[in-house]
Amino acid sequence: MEIADRVPESLRHNVFVLKLDELLRWAHASSIWPLSSGLACCAIEMMSTATARFDLARFGYEVFRACPRQADLLIVAGTLSWKMAPALIRLYEEMPEPKYVIAMGNCNIHGGPFTDSYATVKCLDEVLP
């Protein structure tokens, strides 16, 4: 006899009966675990997205992870310098598959006001996919 067969008829439309490992697999596949990498002033904007006004919890993630081995989304906010690029690449390489990257801010996407600087990575695509 299956577990779902033992649930009374009155509760079948209101209760889900499933194994714990199935629930954990579904939760892991359906949620995003972000790793924050705040490099400059855009980091303040990234932190504000987790506040009550913007409420990222409705998209499936609430807590920014501190360890790259627990995250599957890398949010890079702010100006990336060539000196910081190897550390960011290392964080990316330590993340498990599948992994995603979001560039946040004009400095990260196009170089911003630092486009002509020798020390600034012009676009995050130069160092990360």
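What follows is a working chat about a predicted model of a protein.

Reader: To start, how many helices and strands does the protein come to, and what pattern do they follow along the sequence?
Author: The secondary structure comes to 4 helices and 3 strands, and reading along the sequence of this predicted model gives the pattern α-β-α-β-α-β-α.

Reader: What is the strand order in the sheet, and is the pairing parallel or antiparallel?
Author: The sheet is open, its 3 strands are arranged in the order β1-β2-β3, and the pairing is parallel.

Reader: Which strands stand at the edges, then?
Author: Those are β1, covering 34-38, and β3, covering 100-104; each has a single partner strand, so one side of each is left without a neighbour in the sheet. From one strand to the next, the twist averages 15 degrees.

Reader: How many bridges are there between β1 and β2?
Author: There are 5 bridges between β1 and β2, the latter being residues 73-77, and they pair in the parallel sense. As for residues that face one another, S37 stands opposite V76 in β2.

Reader: And where does α3 lie?
Author: Helix α3, which is residues 85-94, lies across β1, β2 and β3, and its direction is at about 165 degrees to that of β2.

Reader: Changing topic to K99: where does it lie?
Author: K99 lies in the loop that links α3 and β3.

Reader: Does K99 count as buried or exposed, and why?
Author: K99 counts as buried, because its relative accessibility is 16%, which is under the 20% cut-off for that class.

Reader: Which residues is K99 in contact with, leaving aside its neighbours within four places in sequence?
Author: With those neighbours set aside, the contacts of K99 are D72, Y92 and E93. In the case of Y92, the charged end of K99 sits over the ring, at 4.4 Å from the ring centre.

Reader: What separates the C-alpha atoms of K99 and W33?
Author: The C-alpha atoms of K99 and W33 are separated by 9.9 Å, although the two residues are 66 residues apart along the chain.

Reader: How many aromatic pairs does a search of the whole structure find?
Author: The search, run over the whole structure, finds 0 aromatic pairs.

Notes
Residues are numbered from 1 along each chain as its sequence is written. This is a predicted model: local features need pLDDT of at least 70, side-chain atom pairs count only at pLDDT 80 or more; totals for chains, interfaces and linings use all residues. Side-chain values use heavy atoms; hydrogens and water are left out. Rings of Phe, Tyr and Trp (its six-membered ring) pair if their centres lie within 6.5 Å; planes under 30 degrees apart count as stacked, over 60 as edge-to-face and the rest as tilted. A charge sits over a ring if NZ of Lys or CZ of Arg is within 6 Å of the ring centre and within 35 degrees of the ring normal. Two strands pair if DSSP finds at least two bridges between them. Helices (H or I, at least four residues) and strands (E, at least two) are DSSP runs, numbered from the N terminus. Axes are lines fitted to C-alpha atoms, for helices over the stretch in contact, and angles run from 0 to 180 degrees between N-to-C directions. Contact means heavy atoms within 4.5 Å. Buried means under 20% relative accessible area, exposed over 50%, partly exposed in between (1.4 Å probe, protein chains only).
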